[in-house]
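Have a look at the model first.

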Amino acid sequence: MNRDYLFREIKKEEIPQMFSMILQRIEWMDRQGIEQWNKTGYIQAYPQSYYEEEREKGEVFVLADRSTGKLVSAAVLKEMDERWTDDRPALYLHNFVSRIAVKNAGSIFLYFVEKYALKKGKKYLRLDSAEDNPILAQYYESHGFMPVGKCEDGLYKGILREKELREHAVK
């Protein structure tokens, strides 16, 4: 299954496709009654220009279907994150999105991100998730991301999550 996908940096012309996935996910949240990106000013905080700027820094990564080239998942991967106050060797996952119609796209993306983090010498993969979304909490915990703190950003209240990476676990 993982051979069906290519993990790589995003191309400039793919930014609108990534942003479209985010907009589709927000519409999905509305339909599901989930109050997260759709209620916290997410698009205002992270407009398409944000992803263009992050791409120029080499921090936007995608999972693309090898046969069609279509993006199925994407995120911003950062070496530093102001929400975390220690200096442990970590990679930080932000703005994580996957195509709704592609089963396991997010899980496959996380697998590749872990491999990438290990190649960069990182010992931890970190992210935050909305504190009032138990389904998302369960998803991240099923992938090994344990809660280690809290954060706030405007209307957003989040849980800091961390996964310790081990070379033997990601082959």
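## Ground rules

This is a predicted model, so to speak of a local feature takes pLDDT of at least 70, side-chain atom pairs count only at pLDDT 80 or more, and totals for chains, interfaces and linings use all residues. Numbering starts from 1 along each chain as its sequence is written, and side-chain values use heavy atoms, with hydrogens and water left out.

## The annotated span

UniProt, in an unreviewed entry, lists residues 21-166 as "domain: N-acetyltransferase"; positions there follow the numbering used here, feature names are shortened, and annotations may be inferred rather than shown by experiment. The C-alpha atoms at the ends of that span lie 31 Å apart, and the span is 34% helix and 32% strand. Helices (H or I, at least four residues) and strands (E, at least two) are DSSP runs, numbered from the N terminus.

## Two nonpolar cores

A nonpolar core here is a set of buried Ala, Val, Leu, Ile, Met, Phe, Trp, Tyr and Cys residues joined through side-chain atoms within 4.5 Å. Buried means under 20% relative accessible area, exposed over 50%, and partly exposed in between, using a 1.4 Å probe and protein chains only. The largest core has 24 residues, and F7, L63, L77, L93, F96, F109 and V113 have the most contacts inside it. Among the elements giving it two or more residues are β1 (5-9), β2 (60-65) and β3 (71-78). The top contributor is α4, with eight residues.

Apart from that core lies another, of 21 residues, including I26, Y46, A64 and L71.

In α5, L136, A137 and Y140 are buried. Down the helix axis, the buried residues fall within an arc of 105 degrees, so they line one face of α5; the arc is taken over directions from the axis to the C-beta atoms. They pack against β4, β5 and β7 (156-164). On the other side, P134, I135, Q138 and S142 are exposed. Just after α5, G144 takes a positive phi of about 90 degrees.

## A buried asparagine

N95 sits in strand β4 (residues 90-98). How buried is N95? Its relative accessible area is 8%. Leaving out residues up to four places away in sequence, N95 touches M18, Y42, Y46, Y50, Y51, A74, A75 and V76, where contact means heavy atoms within 4.5 Å.

The N95 side chain also makes a polar contact with the side chain of Y51, at 3.4 Å. Such a contact is a pair of N or O atoms within 3.5 Å; within protein, one must be able to donate a hydrogen and the other to accept it, and residues adjacent in sequence count only if both atoms are side-chain atoms.
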